[in-house]
Amino acid sequence: MTANPPYLLIDIDGVLNPFPGPGGSLPPDYRPHRVDLNGTDVPVWLNPDHGSWITELHSTGLLRPIWATSWQSAAACTIGPRLGLDVYPHIDLGITRQLTRHPNGYLWKRDAVATWAGQAPLVWIDDDFAHPDHEWARQRALNGVPTLLIQPDPYRGLQRAHIDAVRTWALAVTRNARTNGDRDDVAAHAPPLAAAAHTSRGAGSH
C-alpha cells in the first residue's frame, strides 16, 4: 500500500440512506432506524451490507474513509454505529444555509472538500454531483492528482458495483504509486494515473 492512501469520501443521504420512491417505496435489504440528529428524531433506512462493504475497503489499507455529509460530526455517532463502522472523521462543511444543492452550478460541498483535500488523491461517493463536478474531477486527475467520483442513484443507494469500482481504482492508484516510486524520472514527466480522470455514475443517477 502507499504511505498515504487516497481518501474515501462518503455521503449519507441518497447513498447510505436512499430517498423514498413513489408511494414511499424503498429498495429491498434496507431496514428502518430512528436516530437523534441534533435533538431531532430522524427516520433513516440503512442496508447492513453497506457497513461490511465499507469495512472491507478500509481493511485493505488502500483507502482512508472520511464522512463528507451534511450530517457532519453526527455521522460517526448515529449512522456509523448502526452499520458497524469504525469511528471515521468528517470534513467540516461549514453551516449549511444553501437553498439549492448547486448554488454556483456545482455541488455545494465541493469548495470545502477541495480546500480540505488539497492535493490528496480521493474517491468521492455522492448522489448529487453536477456536470461541473465531474469536470473538476477530470481536471484534477489530469493535473496528477488521482480523483474519482462515484454517483449512485439516490433512490437505490450504494451498490456493490460502486464498491468494486472503488477498489479497482484504488488498486490502480497503488500500483501507479509503486511504479512512480521506482522510476522517479518517469514520474517527473508524466502525471500519475491521468487515466483516473473518468467518473462513474450509477444507472438512473442524475
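A residue counts as buried when its relative accessible area is under 20%, as exposed when it is over 50%, and as partly exposed in between. Keep this scale at hand for the exercises below, which explore a predicted model.

**Exercise 1. Find out how many helices and strands the chain has, and in what pattern they follow one another.**

Step 1. Count the elements: the chain has 6 helices and 7 strands.

Step 2. Now walk along the sequence. The pattern reads β-β-β-α-β-α-α-β-α-β-α-α-β.

**Exercise 2. Describe the chain as a whole: what share is buried, and what share of its contacts join residues at least 24 apart?**

Step 1. Start with burial: 49% of the 206 residues count as buried.

Step 2. The accessible area of the chain is about 9900 Å², and carbon and sulfur atoms make up 52% of that.

Step 3. Finish with contacts. Taking those between residues at least 6 apart in sequence, 67% connect residues at least 24 apart.

**Exercise 3. Classify D164 and R160 as buried, partly exposed or exposed, and work out why their side chains can meet.**

Step 1. D164 has a relative accessible area of 35%, so it is partly exposed.

Step 2. R160, at 29%, is partly exposed too.

Step 3. The two side chains form a salt bridge, with N and O 3.1 Å apart.

Step 4. Both residues sit in helix α5 (residues 160-182); because they are 4 residues apart there, about one helical turn separates them. Side chains of opposite charge can pair when their charged atoms come close.

**Exercise 4. Locate the salt bridge between D126 and K109, and decide whether each partner is buried or exposed.**

Step 1. The closest N and O atoms of D126 and K109 are 2.7 Å apart.

Step 2. This pair links distant parts of the chain, 17 residues apart. D126 lies in the loop between β5 (122-125) and α4 (131-142), while K109 lies in the loop between α2 (74-82) and α3 (110-117).

Step 3. D126 has a relative accessibility of 1%, so it counts as buried. K109 is buried as well, at 4%.

Step 4. Look for a further partner: D11 joins K109 and D126 in a network of salt bridges.

Technical notes. Residues numbered from 1 in each chain as written. Predicted model: local features only at pLDDT ≥ 70, side-chain atom pairs only at ≥ 80, totals over all residues. Heavy atoms only, no water. Helix = DSSP H or I, 4+ residues; strand = E, 2+ residues; numbered from the N terminus. Buried < 20%, exposed > 50% of the residue type's maximum accessible area, 1.4 Å probe, protein only. Contact = heavy atoms within 4.5 Å. Areas by Shrake-Rupley, 256 points an atom, 1.4 Å probe, with all protein chains shown as cover. Salt bridge = Lys/Arg side-chain N within 4 Å of Asp/Glu carboxyl O.
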